[in-house]
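Thanks for making time this morning. I would like to walk you through one protein, with a few words on its charged side chains.

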Amino acid sequence: MKIMLKAIFLPLILIFSSSAFANSWYKVEVIIFANSDPMAIHEEFWPEINEIPFRDRAVALKGRPGAGENTTAYQSLPSSRHSLKSVKNRLNNSGDYRVLFHEAWMQPVSRTQNPRPIKISAGRVLDNGMQELEGHIAVGRGRYLHFRPDLYISQLVAPSNNTPTVTAEETQTEAMLTMQGDSETTPEAAQTTQATQVIAETASAFPMIPEVLTAHQNQARRMKSKELHYIDHPLMGILVEIKPL
């Protein structure tokens, strides 16, 4: 009888043990905020982005559970279970940043290089039909946890920020006046002329920034659990805390 019971239950024990090892459960909390500094757009060259790529297997977070209901995977946890509320308040009160997304949820995390993406959308809908924040995030596991953002942040660009700081026409005119004013060009004048030509070429290489600017953030990060991690970007920031359950 004992031999028969072992033969029946041992395979089941192995199945459940391997399943638990492959899919550990974690609480994930994420804050995504926008940089309110209007000059941040000038820190990089931004390629034009008109649409958000579709991702297979993506899942959207479910609404918060009602009273007496159990929380399931990928379901938003109530704010009473958020650990980063004080951080969110400090960001909003700083005047330099604006929180677009703050959610916490539970999910299984498996050992895979292709974790299931979670759909993210938040903020206002802009004139081009895109929301301020769209995209996906995913959490996988190897030796460490791996957080993989694939996010697009969009913002309206003020007319005063819609052109390069120095235009090519201005620098070319300045170079011509410098050359015409000095019949006998000195080494200093020649150096000035060369510098303005370099500025002109640089300015002409950077096109006008569109009225709605969309930037992409896909910088993955290896993380340790129970620690607060920060991912930086000129136009946004991401705070992530992942705790084992």
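Let me begin with a question: does glutamate 103 count as buried or exposed? Please keep in mind that what you see is a predicted model. At 16% relative accessibility, glutamate 103 counts as buried, because the cut-off for that class is under 20%. Its side chain meets that of arginine 64 in a salt bridge, with 3.4 Å from N to O, and this pair links distant parts of the chain, since glutamate 103 sits in strand S3 (residues 97–110) while arginine 64 belongs to the loop between S2 and helix H2 (85–94), 39 residues apart. Arginine 64, for its part, is partly exposed at 44% relative accessibility.

A search of the whole structure finds 6 salt bridges, and another one of them joins the side chains of aspartate 150 and arginine 55 at 3.0 Å, N to O. Aspartate 150 lies in strand S6 (residues 145–156) and arginine 55 in the loop between S1 and S2, so this pair ties together parts that are 95 residues apart in sequence. Aspartate 150 is buried at 16% relative accessibility, whereas arginine 55, at 26%, counts as partly exposed.

Turning to the surface, there is a patch of negative charge where Asp37, Glu43, Glu44, Asp96 and Asp232 gather. Aspartate 37 is located in the loop between strand S1 (23–35) and strand S2 (59–60), and with 37% relative accessibility it is partly exposed.

As for the whole, the protein has 4 helices and 10 strands, and 38% of its 245 residues count as buried.

How values were computed: Residues are numbered from 1 along each chain as its sequence is written. This is a predicted model: local features need pLDDT of at least 70, side-chain atom pairs count only at pLDDT 80 or more; totals for chains, interfaces and linings use all residues. Side-chain values use heavy atoms; hydrogens and water are left out. Patches are made of residues with over 30% relative accessible area and no salt bridge: like charges are joined within 9 Å, nonpolar side chains (Val, Leu, Ile, Met, Phe, Trp, Tyr) within 5 Å. Accessible areas come from the Shrake-Rupley method with a 1.4 Å probe; for residues, only the protein chains shown count as cover. A salt bridge is a side-chain nitrogen of Lys or Arg within 4 Å of a carboxyl oxygen of Asp or Glu. Lys and Arg count as positive and Asp and Glu as negative; His and the chain ends are not counted. The place of a charge is taken as NZ of Lys, CZ of Arg, CG of Asp or CD of Glu. Helices (H or I, at least four residues) and strands (E, at least two) are DSSP runs, numbered from the N terminus. Buried means under 20% relative accessible area, exposed over 50%, partly exposed in between (1.4 Å probe, protein chains only).
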